[in-house]
Amino acid sequence: MRVTIDGVPREMRTVWFDDGIVKLIDQRYLPFEVRVYEAKTYEDVAVAIEDMVVRGSPAIGATAAYGMAQAAHQGLDLKAAADRLRKTRPTGHDLFFAIDSMMKAASGGDDLVEVAERYAQDNIEQCRRIGEHGAKLIRNGTRILTHCNAGALAAVDYGTATAPMRVAHENGRRFFVYVDETRPRLQGARLTAWELLEAGIEHAIITDGAAGHFLGHGEIDLVLVGADRIAVNGDTANKIGTYAKAVVAKENGVPFYVAAPTSTIDVDLASGAKIPIEERSPQEVLHLDGQVIAPKESPARNPAFDVTPAKYITGIITERGILKPSQLRSSGKAAPKKKARTKSR
Ligand code: MRU
């Protein structure tokens, strides 16, 4: 992705491995500062995932892959590294997919640094293909709603839900993106808006509560979001608030698409009912920018994700094409190569 530092644009990835160190864009400081976090051990990598230095399911997966490679490089116990990393965040599936892939490669005697590099490179290519498939949904004048950050920062590069926007923009299409601010951590306002600005894509930030208004008034033509875990029936966990957007989109006849690499599909889960939902600290709800915003005595609840039932999802944009939720059942990672009909307004 293009990142401007001190007025100078340069290309950066979300995560990379440099001389034995896992390096990450520290997302806690964006959009105000581009800082690089250096993880010298797999414990540092685990803390980076827990503290959301890095977030977004595919980015977490690649970071964990590098953490495993680092542990191997340092001659440490890989099972201990895997156990620690698995405990960081429960909902996104790419974390578990990446760790399982690394453990499998280790048992086959592969060089884990090479495997992690390939894992990260594959993710970039998958996102690019998601972009090419999904860009067909975006025409001149399309008004898109997105939620949270499913951008380059949520993957190794390019992004999932923003990949179709990047490709459509590269192809010269003019369109507009409504960006939900995404309380409580403001990934939309802080991260997606920053990425769209860097990419030169027209957009406006809206409060989470405003999305229904714009959907109800015919001001949105397409909803495009990412995913943290997709069950084989198509039920999809994504950032809290996604479910409500999907219901209102269907009520108003607006197509609702999920974009994700097949590493986000959990082939062991028949439906979304068993997707573990991370509950984060109430402090994230009760504070804004370090300030208390509620009565001191009031408790809060803070589920980080919700599950959107497949019946609200028009299609799932994967690197293999745009699939109907019902097409995932047969295969998951071995999802059918043939493309489903796509629909756009
Ligand atoms: O809590 P986060 O920021 O890790 O959650 C990420 C999301 O839910 C994203 O919106 C996304 O769609 C999944 S990652 C591409």
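A salt bridge here is a side-chain nitrogen of Lys or Arg within 4 Å of a carboxyl oxygen of Asp or Glu.

Start with confidence. The mean pLDDT of the chain is 95. Of its residues, 95% reach 70 or more. One stretch needs care: over residues 334–345 the pLDDT is below 50. That stretch still has 36 contacts in the model, beyond near neighbours in sequence. Where pLDDT is low, the predicted coordinates should not be read in detail.

Now the layout. The chain is divided into two parts: domain 1 covers 2–126, and domain 2 covers 134–333. Their C-alpha centres lie 22 Å apart. Domain 1 gives 35 residues to the contact, and domain 2 gives 32.

How much area do domain 1 and domain 2 bury between them? The figure is about 2900 Å². Carbon and sulfur atoms carry 53% of it. On the side of domain 1, Arg55, Thr91 and His93 lose the most area to domain 2. Together these three residues make up 23% of what that side buries.

Next, the polar links. Between domain 1 and domain 2 there are 22 residue pairs in polar contact, counting pairs with both residues at pLDDT 80 or more. The salt bridges between the two domains number two.

Which elements give two or more residues to the side of domain 1 that touches domain 2? They are strand S1 (2–5), helix H2 (57–73), helix H4 (93–107) and helix H5 (112–134). H5 gives the most, with five residues. By class, this side of domain 1 has 17 nonpolar, 10 polar and eight charged residues.

Finally, step back from the domain contact. By the same rule the salt bridge count comes to 22. Where do Asp83 and Lys79 sit? Both lie in helix H3 (residues 78–86). They are four residues apart in that helix, so about one helical turn separates them.

Technical notes
Residues numbered from 1 in each chain as written. Heavy atoms only, no water. Domains from an automatic or database assignment. Contact = heavy atoms within 4.5 Å. Buried area = accessible area lost by both parts, 1.4 Å probe. Polar contact = N/O pair within 3.5 Å; in protein donor to acceptor, adjacent residues only side chain to side chain. Nonpolar A, V, L, I, M, F, W, Y, C, P; charged D, E, K, R; others polar. pLDDT = per-residue confidence, 0-100.
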